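Please look over the model shown here.

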Amino acid sequence: MKTVKFGVIGCGLMGKEFASAAARWCHLTEEVARPEIVAVCDFNEAATAWFENNFPSVNFVTKDYRELLAREDVEAVYCALPHNLHAEVYADIIRAGKHLLGEKPFGIDQKANEEIMQAIRENPGVVVRCASEFPFYPACQQLIKWVKENKFGQIIEVRAGFHHSSDMDLNKPINWKRMIEINGEYGCIGDLGLHTQHVPFRMGWKPKKVYASLSNIAKERPDKNGNPVPCLTWDNATMMIEAEEANGNTFPMILETKRMAPGATNDWFLEVYGLECSAKFNSNEPDVFCYTNSWGKEQAWCKINVGYKPMIPTITGGIFEFGFTDAILQMWATFLQEIEGKEVFFGCCTPEETVLSHKLNTAALLSNKENRVVQID
Ligand SMILES: NC(=O)c1ccc[n+]([C@@H]2O[C@H](COP(=O)([O-])OP(=O)(O)OC[C@H]3O[C@@H](n4cnc5c(N)ncnc54)[C@H](O)[C@@H]3O)[C@@H](O)[C@H]2O)c1
């Protein structure tokens with residue numbers, strides 16, 4: 001089987017998730033090029049030590065990502081760094097001729113995103129995608145299949161969201177994800193927004209205008225010494241969007257990104273309401289696909305447990321349950337297939353989709369600031 005030699009820049013939470021997925025490539029039953037992690041970069045030595053201890057294939061460790069990029073044996077990079085570093089590091093990775101799976105929001109703001117896009121335009125042979133794993137849940141794939149098959153008829157409304165309760169604890173110390181200078185002006189939208197947008201954008205639903213309501217609920221948090229410091233990032237955001245289908249039909253699309261949603265651990269959801277039928281998926285019930293069945297004027301909500309039937313087949317029996325780490329593995333296998341130039345049913349989030357995401361997120365900030373509807377060109 002072909003292998004693709006990887007460097008990992010940023011060996012924190014998400015860097016380790018990739019490594020764990022790469023370690024169980026045997027899970028896949030379809031032939032997909034195997035990622036082999038040969039080099040890692042992080043200035044936190046405990047983080048790189050975890051890679052060295054678990055991956056004998058790692059033969060290069062550095063605190064300077066440029067040293068990793070200079071290595072000829074590195075063919076592709078996973079970069080999972082704080083948002084203020086995305087533009088510079090992603091552009092350097094692409095200009096070094098390495099394939100890249102970058103993390104959202106793919107640039108701390110619209111200007112940073114454009115800098116990354118410029119590097120992509122200069123290097124058309126490099127495969128670049130942005131991480132977004134939730135659409136790979138089999139029950140969500142079922143929903144995507146129904147959109148592609150036009151089962152919904154005229155779309156009435158779409159709702160998508162990502163709800164956390166991670167910040168309900170007001171004593172949780174501030175970290176980089178709650179600091180504007182590192183996480184960005186977008187706050188929770190930059191952290192969670194692209195997750196809600198990947199499927200709608202891929203389905204061809206274009207945002208035309210937006211009204212956004214953003215809340216900064218926890219205005220201060222303790223620092224690492226327990227002293228209260230200002231916390232200026234947006235905790236919760238609701239975007240009321242007018243979206244357009246390819247056939248010109250317009251409909252409301254409501255996107256919610258919340259770090260303070262009581263009771264929600266990591267609820268990613270997508271709901272599509274149509275004239276012919278409707279369907280829902282929520283990662284809180286990871287195997288369940290909900291859809292309506294109609295008799296004349298009446299509609300009944302039905303639930304089917306789709307089980308473990310992912311896009312890329314695996315050794316797991318179809319009656320078992322699917323989870324977050326399985327979605328990560330499916331996303332990674334899809335990215336490797338895209339590097340190999342294979343056709344995929346549903347691909348990883350593209351750089352062009354991140355451009356649209358930044359247009360929408362920037363318009364949402366303006367809408368909230370000026371308390372008005374903002375057009376998106
Ligand atoms: N796809 C997802 O579901 C998901 C989930 C969480 C975070 N993310 C994204 O992943 C990215 C990273 O988030 P995380 O949660 O893994 O963060 P993290 O803080 O756990 O990890 C970031 C790592 O980068 C290292 N680092 C910081 N600056 C560095 C530098 N200049 N040089 C080398 N190393 C440096 C830190 O030491 C840390 O180990 C962000 O873009 C975030 O939005 C994605």
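The report below covers the basis of the model, the ligand shell, a loop and the helices.

## Basis

This is a predicted model: local features need pLDDT of at least 70, side-chain atom pairs count only at pLDDT 80 or more, and totals for chains, interfaces and linings use all residues. Residues are numbered from 1 along each chain as its sequence is written.

Helices (H or I, at least four residues) and strands (E, at least two) are DSSP runs, numbered from the N terminus.

## Ligand shell

The ligand is surrounded by 21 residues. Closest are Gly12, Leu13, Met14, Asn44 and Glu103. A residue is near a molecule if its C-beta atom, placed from the backbone, lies within 6 Å of it.

By class, the shell has 12 nonpolar, 4 polar and 5 charged residues. Ala, Val, Leu, Ile, Met, Phe, Trp, Tyr, Cys and Pro count as nonpolar; Asp, Glu, Lys and Arg count as charged; the others, Gly among them, count as polar.

## The loop between E5 and H5

Most residues other than glycine have a negative phi, and most peptide bonds are trans. Two exceptions sit in this loop. A cis peptide bond, with omega about 5°, joins Lys104 and Pro105. Pro105 lies in the loop between strand E5 (99-102) and H5. Phe106 is in that loop too. Its phi is positive, about 65°, although Phe106 is not a glycine.

Two packed helices are described by the angle between their axes and the distance between the axes. Axes are lines fitted to C-alpha atoms, for helices over the stretch in contact, and angles run from 0 to 180 degrees between N-to-C directions.

Helix H4 (residues 86-95) packs on helix H5 (residues 110-122) at about 5°, with the axes 9 Å apart. H4 is therefore roughly parallel to H5. (Angles under 35 degrees count as roughly parallel, over 145 as roughly antiparallel, 65 to 115 as roughly perpendicular and the rest as oblique.) His86, Ala87, Tyr90, Ala91, Ile94 and Arg95 of H4 meet Ala112, Glu115, Ile116, Ala119 and Ile120 of H5. Contact here means C-beta atoms, placed from the backbone, within 7 Å. The contact has 8 nonpolar, 1 polar and 2 charged residues.

## H10 and its partners

Helix H10 (residues 351-370) has 20 residues. It reaches 29 Å from its first C-alpha to its last, close to the expected 28 Å. The expected span is 1.5 Å times one less than the number of residues. Asn371 follows H10 and has a positive phi, near 50°.

The axes of H5 and H10 come within 10 Å and cross at roughly 165°. H5 is therefore roughly antiparallel to H10. On the H5 side, Gln110, Asn113, Met117 and Ile120 make the contact; on the H10 side, Pro351, Thr354, Val355, His358 and Thr362 do. This contact has 4 nonpolar, 5 polar and no charged residues.

Helix H8 (residues 188-202) packs on H10 at about 125°, with the axes 10 Å apart. H8 is therefore oblique to H10. Among the contact residues are Gly190, Leu194 and Phe201 of H8 and Leu356, Leu360 and Ala364 of H10. The contact has 6 nonpolar, 7 polar and 2 charged residues.

Note on methods
Contact = placed C-beta atoms within 7 Å.
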